[in-house]
Amino acid sequence: MTNLILLGPPGAGKGTQARLLAETRGLTQLSTGDMLREARASGSAMGRKVAEVMDRGDLVTDDIVIGLIEERLAAPNGKGFIFDGFPRTLAQADALGALLDRLGLTLDAVIEMRVEDEALVRRISGRFSCGTCGEVYHDRTRPTRRPGVCDVCGSTDLRRRPDDNPEALRNRLLEYYKKTSPLIGYYHAKGKLASVDGLAGIEEVAAAIARILDRA
Ligand code: AMP
């Protein structure tokens with residue numbers, strides 16, 4: 001069983017690598033961002049509560065995301081979990097540690113994906129994805145083969161995130177440096193941290209992550 005956290009700023013490629021790891025290793029991707037977007041789409045009370053906060057690029061409250069993770073961890077998975085976009089604060093990291101202890105699970109690795117700010121802005125400002133299968137594209141670096149049609153599943157439901165705009169992105173980066181980046185020191189002190197160069201190509205990053213997991 002392998003449980004790992006992907007840590008990094010918005011646009012570092014956490015979601016892309018989490019999807020690959022889910023495919024290649026059968027791990028379950030737990031993305032709090034995806035869960036919150038699903039809650040919004042379902043129109044639930046919680047979804048309505050977080051919508052504005054997310055669109056501004058602020059973090060939603062710890063109790064909401066901890067609750068979401070707690071629910072998902074209760075469903076057993078023999079292979080392990082990838083935490084993608086969680087934890088994002090020290091309180092969330094402590095809560096995750098307590099939850100894993102309670103369930104008798106261990107955290108095998110925390111992988112920091114390092115990407116400089118200019119590259120994050122470039123990546124995020126052209127990003128769109130398929131609303132049906134989740135495949136991620138980019139206007140310049142990875143357009144769909146046929147305009148408006150997903151290469152993978154043929155859906156025409158291609159979407160941009162409302163928080164992938166310059167103003168919200170500035171805020172998301174600020175939130176990252178202020179509240180999430182202290183987790184790098186936190187997990188380093190626990191002897192769990194490894195770093196990869198998130199600017200490398202998708203396959204190269206995947207290979208670097210595989211090397212870390214295979215020796216974890
Ligand atoms: P993401 O898809 O990971 O970029 O998350 C999108 C947005 O959802 C973030 O900008 C936050 O508003 C919210 N969010 C996702 N995960 C968390 C988390 N662990 N803690 C607080 N807010 C979160």
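User: How many residues surround the ligand, and which are the closest?
Analyst: In this predicted model, 16 residues surround the ligand, and the closest are Thr-32, Arg-37, Asp-58, Gly-85 and Gln-92.

User: What does the side chain of Arg-37 have 2.8 Å from an N or O atom?
Analyst: That is an oxygen atom of the ligand, lying 2.8 Å from an N or O atom in the Arg-37 side chain.

User: And which polar atoms lie 3.0 Å or 2.9 Å from a nitrogen atom of the ligand?
Analyst: For Gly-85 a polar backbone atom is 3.0 Å from a nitrogen atom of the ligand, while for Gln-92 a polar side-chain atom lies 2.9 Å from a nitrogen atom of the ligand.

User: Moving to helix H2, which of its residues are buried?
Analyst: Helix H2 spans residues 32–42, and its buried residues are Thr-32, Gly-33, Met-35, Leu-36 and Ala-39. These residues lie on the same side of H2, because they cover an arc of only 165° around the axis. As background, residues three or four places apart in an α-helix point the same way, because there are 3.6 residues a turn.

User: What covers them, and what is on the face turned away?
Analyst: The cover over the buried residues of H2 includes strand S2 (28–31), helix H3 (45–56), helix H4 (62–73) and strand S3 (81–84). The face turned away from that buried side carries the exposed residues Ala-41 and Ser-42.

User: What follows H2, and is its phi positive or negative?
Analyst: Gly-43 comes after H2, and its phi is positive, near 75°. For context, most residues other than glycine have a negative phi.

User: Where is the cis peptide bond, and what is its omega?
Analyst: The peptide bond from Phe-86 to Pro-87 is cis, with omega near -5°, and Pro-87 sits in the loop between S3 and H5.

User: How many residues are in the largest nonpolar core, and which have the most contacts inside it?
Analyst: The largest nonpolar core has 28 residues, and those with the most contacts inside it are Ile-5, Leu-36, Ile-69, Leu-73, Phe-83, Leu-96 and Tyr-187. At least two residues of this core come from each of strand S1 (4–7), H2, H3, H4, S3, helix H5 (90–103) and helix H8 (182–189). H4 gives the most to this core, with 6 residues.

User: What does Leu-96 touch?
Analyst: Not counting residues up to four places away in sequence, Leu-96 touches Ile-5, Ile-69, Leu-73, Phe-83, Phe-86, Pro-87 and Tyr-187.

User: How about Gln-17, where is it and what does it touch?
Analyst: Gln-17 is in helix H1, residues 14–25, and is buried, with a relative accessible area of 3%. Not counting residues up to four places away in sequence, Gln-17 touches Leu-6, Met-113, Ile-202, Val-205, Ala-206 and Ile-209. The Gln-17 side chain also reaches the backbone nitrogen of Ala-206 at 3.5 Å.

User: Which loop holds Asp-163, and is Asp-163 buried or exposed?
Analyst: Asp-163 is in the loop between strand S7 (158–159) and helix H7 (166–180), and at 7% relative accessibility Asp-163 counts as buried. Its side chain is joined to that of Arg-161 by a polar contact of 3.0 Å. Leaving aside neighbours within four places in sequence, Asp-163 is in contact with Met-54, Asp-55, Ala-168, Leu-169 and Arg-172.

User: Last topic, how many disulfides are there?
Analyst: A search of the whole structure finds 0 disulfides.

Note on methods. Residues are numbered from 1 along each chain as its sequence is written. This is a predicted model: local features need pLDDT of at least 70, side-chain atom pairs count only at pLDDT 80 or more; totals for chains, interfaces and linings use all residues. Side-chain values use heavy atoms; hydrogens and water are left out. Buried means under 20% relative accessible area, exposed over 50%, partly exposed in between (1.4 Å probe, protein chains only). Helices (H or I, at least four residues) and strands (E, at least two) are DSSP runs, numbered from the N terminus. The arc is that of the directions from the helix axis to the C-beta atoms. Contact means heavy atoms within 4.5 Å. A disulfide is a pair of cysteine sulfur atoms within 2.5 Å. A nonpolar core is a set of buried Ala, Val, Leu, Ile, Met, Phe, Trp, Tyr and Cys residues joined through side-chain atoms within 4.5 Å. A residue is near a molecule or strand if one of its heavy atoms lies within 4 Å of it. A polar contact is a pair of N or O atoms within 3.5 Å; within protein, one must be able to donate a hydrogen and the other to accept it, and residues adjacent in sequence count only if both atoms are side-chain atoms.
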